[in-house]
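Here is a friendly briefing to read alongside the model. Please have a look at the sequence and the fold, then work through the points below.

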Amino acid sequence: MNFKRILAVTSREARGMVRDKLFFAMAFIVPALLMLTFGYGLSLDVMHSPLAALDYDRTSMSRDYLHRFMDSPAFSFRGYLKSERQIYPLLASGTVRAVLIIPEHFQQNLLAGRPAAVQTLIDGTFPFRAQTVKGYVAAINNSFNLRELSLYLCRTRAMSRRRALAGLEPIKAQVRCLYNRNLRSDWSIAPRLMMMVMMICPPFLTAMGVVREKETGAIYNIYSSTITRGEYLLGKLTPYVVVSIFNAVVLWLIATEVFGAPFRGGRLFFFASSVLYVICTTGMGLIVSVLVGTQVAASLVTFIVTVVPTVFYSGMFVPISSLSPSGRVVARLLPAMYFTNIVSGCFLKGVGFKVLWSDAAVLAIYAAALFMLGYSRFHKRPAS
Amino acid sequence: MTALLVWLRRLRVMTVKELLQFSRDGALILFMVYAFTFDIYLAGSGVHFELKSAATVIHDSDRSSASRELIDQFRPPSFRIEGTIERGAEGTRLLDEGKAMVVLDIPPRFQESLLSGAPTDLQIRVDASNSVLGLFAANFCSRIAESFGFQAGLKRLGVAPDRVKYLPRVRNAYRVWFNPNQNDTWFMSIAELLNIITLFAILLPACAMVREKERGTVEQLLVTPLTSFQIMFPKVLAMAAVILAGTTMSLFGVLRYCFHVPFRGSILLFYAVTLLYVFTTAGLGLVISTLARNLGQAGMMAIITYGPMIFLSGAWSPPEAMPRFIRTMMLLSPLHYYIDASYGVLLKGAGINLLWRSILGMGALGGTLFTLGVWRMRRQFE
């Protein structure tokens, strides 16, 4: 190892990066912009779902029942329908996401002390939304029932409203949402976005940087020089790692300052693990760049190889325990999951090195393995 | 007549050239196959946006038949009982380490108070560091507790269990249309297919164009009798063909064969919409290619446009929950129209009579972008 040669490659690479002003600017703008757009845009709260109603009963009670839906922020009422034939086009075109059908004799049945049936048709195209809508419908239905039943008990058992209600609701569930008391989705998403953005951008920068030399032929200068491949790779990748570490700090600032996500863990530990993670993802870019020969391929490959596994197999949206057994194996094979553990531990939970050291250790092993692999696959004597 | 023939022949020659160039990049083809098959399979299988096997830990200070009955309600597939603990503090530790998602604390004398009718508090701690699942878990748990309390309350008030169904209550029966089992696989695999199509439709034409600029071969093309349109359009044509081939592969190889997605509408209509979408998005790629000077810049710009397109598409964030400003922005995202149209055709069986608005919106956007791309290109070189 000759540090002078490493330094020469590093300064050459850094200069090349700075001279391409647009590329250099975007190396910093892209991560921040991705973080901001997704942080603001990726709201998973299902609110104001458009709803229509087909009321065959048209009594004060059926209107009262419907009003509970209209008044809820979960739904936005789009009007009464006249016949069942209107339902399919509305649901199929996505104009409404749910339709409530109240049959005749709704009020009559309830007043006579008999159960009444209503039907909710839900658009299941987006299962996650259907699930949430179902939950809201059940909650509204329950609260209506509780009132009806307590009124019924008042009438038939001669007990007070309060006692009837208390008798029907003996258990008060005190649900405490830990770490994120108000269930703010930006608090939960912003730190994880850090993980995602740092998985997409460093490999992209690195792969493009290395493959550009291959594609334009500039790499032959390296092949014919005295520099060893270890020195070349170290020198070449250092500027990208430095840029990415800087970006990681910027993203951390965005997460804490712009989105206000609470950071409760140790800063030093988190910084160290972020550096490890950035080295990992840079290493992934290195692997991609030794496998492909053109920049088109490099950009597509880094994108495809990084995005899906990090979004779905890292615990970002879907916890690891909810994945299928094969999905759990995929998750364990990738660095994203370990850094997600660190991110959510350090940000919201406020746990530190004591709990998370094993995740950090895996990242370190991963980084070392990736660089070894890249080193062994990179040759100064191309095959052809 | 001959002029038209020459025009068409030029188009053909250029398209063949693009296809040849594409076919020589082995790594790219390999990853394209990966993207349209395995990547979509990965996204479609194993991902569930629901509460599934949430690790639940019980701290039962009562150990009565009532508490056991309540614990029984936390059953699979939504919950998975991981074990019981003796002290409440242990629950905090398990939550911290991510080993438990829900900790249920049943207070002492739980059964006694249920029987006497005294109100009881049930402590449920939920890990909400993932807000969506935290919300699901919180709602689910309180619903279980409420309905358990409701049953117990009715029993105490002297309503026999078999009489419960004759009480005056509203029974709300759900029917979920288009995807009755709320199969996440269908949603996810289609969503991923659309994402992949978008990515390729932006990047491939943009890169094909920028590569010519970077290597200087565009100068060669400009001294030929070809017009700007004749240089740009074959690139889009060739890449559209490649993308449609990939789409076919994943439609029949992955979506139908592996995931049994019902193709309720006309597949031809889906292809037509896809083609229109590819042209629209390729127009965006061409605009990028006139702005970027090298492939590195083009790739970065593609990422910048791709990110917002995904989140403005309405697949992840429901449009009605968004602020008005963002909802207006959504009208500018071609993916927004494409998602409506493709879910409409594939899952809902909608025809052109229901989708014309989306198709029109996409066409208008595409025409504008394409014209902009050609205009900028012409300005740069002529």
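Two residues are in contact when their C-beta atoms, placed from the backbone, lie within 7 Å. This is a predicted model, in which local features need pLDDT of at least 70 and side-chain atom pairs count only at pLDDT 80 or more, while totals for chains, interfaces and linings use all residues. Residues are numbered from 1 along each chain as its sequence is written, and chains are lettered from A and ligands numbered from 1 in the order in which they are written.

- An open sheet of mixed pairing has five strands, in the order E5(A)-E4(B)-E3(B)-E1(B)-E2(B); strands (E, at least two residues) and helices (H or I, at least four) are DSSP runs, numbered from the N terminus, and two strands pair if DSSP finds at least two bridges between them.
- Strand E5 (171-178) of chain A and strand E2 (79-84) of chain B are at the edges with a single partner strand each, so one side of each has no neighbour in the sheet.
- On average, neighbouring strands of this sheet are turned by 25° against each other, direction ignored.
- Strand E1 (residues 54-60) of chain B runs parallel to E2(B), joined to it by five bridges, and B:Ile58 stands opposite B:Thr84 in E2(B).
- Helix H6 (residues 131-156) of chain B lies across E5 of chain A as well as E1, E3 and E4 of chain B, running at about 170° to E5(A); axes are lines fitted to C-alpha atoms, for helices over the stretch in contact, and angles run from 0 to 180 degrees between N-to-C directions.

**Backbone features to check**

- Most residues other than glycine have a negative phi, and most peptide bonds are trans.
- The peptide bond from B:Pro76 to B:Pro77 is cis, with omega near 5°, and B:Pro77 sits in the loop between helix H3 (65-72) and E2 of chain B.
- B:Arg109, not a glycine, has a positive phi of about 60° and lies in the loop between E3 and helix H5 (110-116) of chain B.
- B:Arg109 is partly exposed, with 13 other C-beta atoms within 10 Å; a residue is buried at 20 or more such atoms, exposed at 12 or fewer, and partly exposed in between.
- B:His260, also not a glycine, has a positive phi of about 55°, and counts as exposed with 10 C-beta neighbours inside 10 Å.

**Confidence**

- Chain A has a mean pLDDT of 87, with 98% of its residues at 70 or more; pLDDT is the predictor's confidence in each residue, from 0 to 100.
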